[in-house]
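Here is a short walk through one structure. Keep the sequence and the 3D view open as you read.

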Amino acid sequence: MKKTVLITGGAGFIGLNLVDYILKKKNYKIIVLDNLSSGNSGLLKKKVEDNGLIFNKKFSPDKDFSFVKADIRDKNLDNIFEKTDYIVHLAAQTGVIPSIEDPFKDAETNIMGTLNLLNLSVKHNIKKFIFSSSAAPLGEQIPPLDERKIPSPLSPYGASKLAAEGYCKAFYGSFGLETVVFRFSNVYGIFSYHKGSVIAEFYKRIIRRKPIYVYGDGNQTRDFIFAEDLAEIIVRAFEKDNIGGEIYQLGTGVETSVNQLISYIKEIVNYNFEIEYKPERKGEIRRNFASIEKAKKILGFNPKYDLKKGLKLTYNWFLENIDKS
Ligand SMILES: NC(=O)c1ccc[n+]([C@@H]2O[C@H](COP(=O)([O-])OP(=O)(O)OC[C@H]3O[C@@H](n4cnc5c(N)ncnc54)[C@H](O)[C@@H]3O)[C@@H](O)[C@H]2O)c1
C-alpha cells in the first residue's frame, strides 16, 4: 500500500519543489497542509494536474493528492494524522525582519505550531518527522558551520527555530518519535518568485530591467543550495531507518561571494544590468558556508546541482513565470 506524506507549508517555495520531486520521481500519497499566508495554491494545483492527478481541496484519504487549507496550530488535525506515515514540516514564519517586528507571532507559528505537530505525531505514531531549520540558530560563527557549533541566535527567528529543534530532540528522547532536523543554508530554485532572497530578488529586478542592489562590498559569502537537491535528501531521510534525534547541516559546502554570484548571473542572462552598491545592512553575516560531512556520511547526501547549473534553471523558470506567479 502507498505510504502517505504530509507536507506542511507545501504551497511555499521549498514545499512546491518537494511536491514536484515526489510527483515526478516517487510513489507516495501527498497531503499538503498550508494556510496560504505566503504559499501559492495556483502553482500547486497546476503541478498536481500536470501530473495527471486531481487537486482535491479537502482531505480524501483514498486519493493520491489532498490540499488542506489549515494552520499548523490547529488542534483538530487528527483525521489527517491518523492516515499519515511521514511528516515534512516546512510551514513557518520565515522572515528575520518580521520576527524582530513581532517576536510573539514568530514564536506562535514556529514554536507552538511545531509543538502542536509533534504532539499529534506522537499520538498517531508517525514514522518520521522531518523539521526544516536554518543556519539562524547558530548566529555569527566562524565557518564552516557544522552540527557541533554552539547555537547563539541573533534574531527571534533564529531563537524560535532553535526552540523547535530542541522540541524535536526532546520528542525523540521522551517519546521515541523519529525526528530529523535539517538546517538549510541559502536555498534557491524554481518556485521562489515570492521570496526576498538574494537570487530571487536579483532575477526579478534583472528581468524588469532595473538595477540590482548589493549591500556592502559584495565580498560577503553564502552557501547556495538548489531546492531540488533538498527535496531529494528529504525523501531519502524519511525512507531511511534509525536516524532520529539528529541534526544535519545541509548546503553544498561551497563558499560563494555575492560578487561571484553576480558574475555567474551575467553569463546566464546575457544582459548588462546595472549594479548599485549600498551601505552594508546591520547584522549581516560576513562569511557563511556549511560543512556537509555528516549528511554525506550518514545520509549519502550528494548535491547534484552546481551553482551555475541551478542558476540557469532558476532563471529560465523566472522568465517563464514572472507575470504568472
Ligand atoms: N528558503 C530558504 O532559503 C530557507 C533557508 C533556511 C530554512 N528555511 C526553512 O524552510 C521552510 C520553508 O521555507 P520556504 O522558503 O519554502 O518558505 P515559504 O514562505 O515559501 O513557505 C512557507 C509556507 O508555509 C505556509 N505557512 C506559514 N505559516 C503557516 C501556518 N501557521 N500554518 C500553515 N501554513 C503556514 C506559507 O503559506 C507557505 O506556503 C521554512 O521552515 C523556512 O524557515 C528556508
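Phe-182 is in contact with Ile-130, Phe-131, Ser-132, Ser-133, Ser-134, Ile-233, Ile-234, Ala-237, Tyr-248, Leu-250 and Leu-299, leaving aside neighbours within four places in sequence. Contact means heavy atoms within 4.5 Å. Phe-182 and Phe-238 have the most contacts inside the largest nonpolar core, a set of 73 residues. A nonpolar core is a set of buried Ala, Val, Leu, Ile, Met, Phe, Trp, Tyr and Cys residues joined through side-chain atoms within 4.5 Å. Another core, of 23 residues, lies apart from it; Phe-59, Leu-117, Leu-120 and Ala-164 are among them. In soluble globular proteins, nonpolar side chains tend to be buried together.

The model is predicted: local features need pLDDT of at least 70, side-chain atom pairs count only at pLDDT 80 or more, and totals for chains, interfaces and linings use all residues. Residues are numbered from 1 along each chain as its sequence is written, and side-chain values use heavy atoms, with hydrogens and water left out.

Now find helix 6, residues 156–175, which holds Cys-168. Helices (H or I, at least four residues) and strands (E, at least two) are DSSP runs, numbered from the N terminus. Is Cys-168 buried or exposed? Cys-168 is buried, because its relative accessible area is 0%. Buried means under 20% relative accessible area, exposed over 50%, and partly exposed in between (1.4 Å probe, protein chains only). Not counting residues up to four places away in sequence, Cys-168 touches Leu-118, Phe-129, Phe-131, Thr-179 and Val-181. Take Leu-118: 50 residues separate it from Cys-168 in sequence, yet the two are 7.4 Å apart in space, C-alpha to C-alpha.

Next comes the ligand. There are 29 residues around the ligand, and Asp-34, Tyr-157, Lys-161, His-194 and Lys-195 come nearest. A residue is near a molecule if one of its heavy atoms lies within 4 Å of it. By class, this shell has 12 nonpolar, 13 polar and 4 charged residues. Here Ala, Val, Leu, Ile, Met, Phe, Trp, Tyr, Cys and Pro count as nonpolar, Asp, Glu, Lys and Arg as charged, and the others, Gly among them, as polar. Which element gives the largest share of the shell? Strand 5 does, with 3 residues.

Look at the polar atoms too. A polar side-chain atom of His-194 lies 2.6 Å from an oxygen atom of the ligand. An N or O atom in the side chain of Lys-161 is 2.8 Å from an oxygen atom of the ligand. A polar backbone atom of Ile-72 is 3.0 Å from a ligand nitrogen atom. The protein covers 94% of the 830 Å² of accessible area that the ligand has on its own (Shrake-Rupley method, 1.4 Å probe).

Turn to the loops. Pro-144 sits in the loop between strand 5 and helix 6. The peptide bond from Pro-143 to Pro-144 is cis, with omega near 5 degrees. Pro-144 is also among the contacts of Ala-290, which is found in the loop between strand 13 (275–278) and helix 10 (293–299). Ala-290 counts as buried because its relative accessibility is 4%.

Two other loop residues have positive phi without being glycine. Asn-125 has phi near 50 degrees and lies between helix 5 (103–123) and strand 5. Arg-209 has phi of about 60 degrees and lies between helix 7 (198–207) and strand 8 (212–215). Asn-125 is exposed at 64% relative accessible area, and Arg-209 counts as exposed at 51%.

Note on methods:
A polar contact is a pair of N or O atoms within 3.5 Å; within protein, one must be able to donate a hydrogen and the other to accept it, and residues adjacent in sequence count only if both atoms are side-chain atoms.
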